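These are my notebook entries on one structure, written in the order in which I looked things up.

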Amino acid sequence: MQRQIYCLKLCEPVGEIVKVLGRIDRYVTIPTSLDNAIYNSISFCNGPLKPTKAGVVVCSKDLTYLESDYKDKTLLLVSNPRLAFIRIMEAYFQEIDYSIHPTAIIKPNVTIGENVTVDANTVIGSSGFGYEKNELGSFEKFPHIGGVIIKNNVEIGCNTCIDKGTLGNTIIKEGTKINNLVHIAHNVEIGRHCIIHAQCYIGGSVKVGDYSWIAPGAIIRDRVKIGNNVTVGMGAVVTKDVEDGKIVFGVPAR
Amino acid sequence: MQRQIYCLKLCEPVGEIVKVLGRIDRYVTIPTSLDNAIYNSISFCNGPLKPTKAGVVVCSKDLTYLESDYKDKTLLLVSNPRLAFIRIMEAYFQEIDYSIHPTAIIKPNVTIGENVTVDANTVIGSSGFGYEKNELGSFEKFPHIGGVIIKNNVEIGCNTCIDKGTLGNTIIKEGTKINNLVHIAHNVEIGRHCIIHAQCYIGGSVKVGDYSWIAPGAIIRDRVKIGNNVTVGMGAVVTKDVEDGKIVFGVPAR
Amino acid sequence: MQRQIYCLKLCEPVGEIVKVLGRIDRYVTIPTSLDNAIYNSISFCNGPLKPTKAGVVVCSKDLTYLESDYKDKTLLLVSNPRLAFIRIMEAYFQEIDYSIHPTAIIKPNVTIGENVTVDANTVIGSSGFGYEKNELGSFEKFPHIGGVIIKNNVEIGCNTCIDKGTLGNTIIKEGTKINNLVHIAHNVEIGRHCIIHAQCYIGGSVKVGDYSWIAPGAIIRDRVKIGNNVTVGMGAVVTKDVEDGKIVFGVPAR
């Protein structure tokens, strides 16, 4: 993970550098946080510059600075310091590994796109939880014959469960990220570039639009429709449809 | 999964057909939802008949219909369309598989009945979470020497945990269905034909009666008694006993 | 698990016996609860003595008793009956097994101390859930290069996930106990001798002090600081820092 990189070469994968302040005769060898930095660290800072030993700091182009702030440093000013740091990390220090962990269980009728990560002990394509009470008061299971479709660039954490559809499919669209211990029930459809945080429950036949954000531990009731660009708060219990762009939270969510 | 079945033969496993409307010279080859149906599909419909291409539709005996509704279809009228459809599926298209998934962990002192399903990565018989603070303020673990008893026709999803009893047993009675990511603590007793939805927490020594329904993400506090035919709402936090037949929800549940 | 132990020899591992009442010419062979006891059981009782067939009962030194209460029993009076019973169990009937279950996944950069238990299907050192939206509205993953440090005497249940740090480490300090289905995000620091109950969500960079108690299903928001000796209630959603010694509950927690 340690490599010697010339400070201006760090800019190459960033895509845009608004300004370089300070010394340009420097090498960095390790990415660190501001707190744990040493003289040859590269680090990043979202707001005002904090005291740090890091030699190179990626900062916002809106940074207010004094000349003394960079007398022993190199500051790279960019639009989005965290995004620039991610790209520097990925280019020089740690590539992301896209793969299906060997302990993930991929059941039959599951289609998985490109650059998809499925981490440990996650189960995709398990049978949904559909029952009907019979004349004797006991439950008969609905035979699930559908599947699961996972599109490109989806990433799924550990110990998550995605059930297959009953007659159709459960679908996770392009670029959506799902964390650990999530339950996604049968026939759910999650749109593109959504964030589904840890321990969420997404009920049967729920539809979530694109670019929506479901915070940790949220519960979405069966058959609810969540629009595009929606934010669902932590631990919210969503019992009704949510329109595009809304923010809902609480029990029940409003 | 595709087979050619004569439409009146579909009635055999249903147990009761109130009326057959429309053509009886038809074969079906595939079960589908109403939306995805093709001309040789069998489908079902709980309320009023929706437009569909399905050749055979299982409907309610209370259906209000016109002659034109079945001019190119076969309608099978029954008391419970979903239950009838389940039985047709099970008889002709997809048998339910009762089995212990090879990645489920069944620890010692676990007794499992007949026709039981335990799906992937579920752990049965793990040690309960019982500790006592000692003179030094650190925790000493209660040695759990009990077991788990799973009765006939119980079905358990993926990534669920059922802890063994401390000195006695944790018991799941006949016909109860448990979904994914559920935690059932030591010494719990769940009655017959209950539904325990995904991500529920059932605390130590909780007793649940028969035919009760615990919705997703509900939390039942240690030692609480839940009666028969109780419904606990989504995300409810149940801190007090609940009498037979009650519906409770909210935080704390009322 | 059945052994023949002389009743006064039971006292040896307890550390302190305030008084022995009744017969001392007795052997016990099995630890049981008060309810399931037989004549040669050893059991324990926290409050007033309940009717039981147990030959030996570990009771509180504050027990109010009549001579008839121990005419056919041996009562061992101690400060903490449950703790004394744990020590008797551990010494004579069932040793606690400290080990990493073979199905637990320990990823690279994880350091584990002594006497640590990690139970089935738990994942330690998985990549955290950190993303940044790019110019196209899709997410780029923060490459996590940190690790996880688990100190001595930590116990972790089944199907739990502990993510590694982004640039630093996720740290679980000495003696802390973590139950099943818990999510601990990147860069979290949990203090010494805490209890983290099942299905809790501990968000990224959260700090928890020593001797704190997080009840089942609680959600602690990213970057929140929880002090020492704090109690967080069942299903609480904690969005703000909590000072030492406080009890918080509800959604949001107060």
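**Entry 1: the surroundings of Ala218(C)**

I began with Ala218(C). Leaving aside neighbours within four places in sequence, I found Ala218(C) in contact with Cys200(C), Val232(C), Gly233(C), Met234(C), Gly235(C), Ala236(C) and Val238(C). Two residues are in contact if their C-beta atoms, placed from the backbone, lie within 7 Å.

I note here that this is a predicted model, in which local features need pLDDT of at least 70 and side-chain atom pairs count only at pLDDT 80 or more, while totals for chains, interfaces and linings use all residues. Residues are numbered from 1 along each chain as its sequence is written, and chains are lettered from A and ligands numbered from 1 in the order in which they are written.

I then looked up the largest nonpolar core, which has 141 residues; Ala218(A), Ala218(B) and Ala218(C) touch the most other members. A nonpolar core is a set of buried Ala, Val, Leu, Ile, Met, Phe, Trp, Tyr and Cys residues joined through C-beta atoms within 7 Å. A residue is buried if 20 or more other C-beta atoms lie within 10 Å of its own, exposed if 12 or fewer, and partly exposed in between; these C-beta atoms too are placed from the backbone.

**Entry 2: how the chains are related**

I superposed chain B on chain A by a rotation of 120 degrees with 0.0 Å of shift along its axis, at an RMSD of 0.0 Å. The two copies are therefore related as by a three-fold rotation axis. They use different surfaces, since 13% of the contact residues of chain B recur in chain A. The superposition is by least squares on the C-alpha atoms of residues with pLDDT of at least 70 in both copies.

**Entry 3: the interfaces with chain A**

How many residues of chain B are in contact with chain A? I found 38, which meet 29 residues of chain A. Helix 1 (residues 81-93) of chain B gives the largest share of this side, 6 residues. Helices (H or I, at least four residues) and strands (E, at least two) are DSSP runs, numbered from the N terminus. By class, the side of chain B that touches chain A has 16 nonpolar, 17 polar and 5 charged residues. Ala, Val, Leu, Ile, Met, Phe, Trp, Tyr, Cys and Pro count as nonpolar, Asp, Glu, Lys and Arg as charged, and the others, Gly among them, as polar.

On chain C, 29 residues are in contact with 38 residues of chain A. Strand 13 of chain C gives the most to this side, with 3 residues. I counted 15 nonpolar, 10 polar and 4 charged residues on the side of chain C that touches chain A.

**Entry 4: strands of chain B**

I found an open sheet of 7 strands in chain B, with the order 8-11-16-19-22-25-28 and parallel pairing. Its edge strands are strand 8 (105-106) and strand 28 (237-238), each pairing on one side only. Two strands pair if DSSP finds at least two bridges between them. Within the sheet, strand 22 (residues 201-202) and strand 25 (residues 219-220) of chain B pair in the parallel sense over 2 bridges. Ile202(B) has Ile220(B) as its bridge partner in strand 25 of chain B.

I next examined strand 5 (residues 41-44) of chain B. Is Ile42(B) in this strand buried or exposed? Ile42(B) and Phe44(B) on one side are buried, as are Ser41(B) and Ser43(B) on the other, and both faces of the strand are covered. Strand 4 (residues 30-31) of chain B pairs with strand 5 in the parallel sense over 2 bridges, and Pro31(B) stands opposite Ile42(B). Strand 5 is also joined by 3 bridges to strand 6 (residues 56-60) of chain B, running parallel, where Ile42(B) stands opposite Val56(B).

**Entry 5: Arg223(B)**

I located Arg223(B) in the loop between strand 25 and strand 26 (225-226) of chain B. Arg223(B) is exposed, because 12 other C-beta atoms lie within 10 Å. Not counting residues up to four places away in sequence, Arg223(B) touches Ser205(B) and Val206(B).
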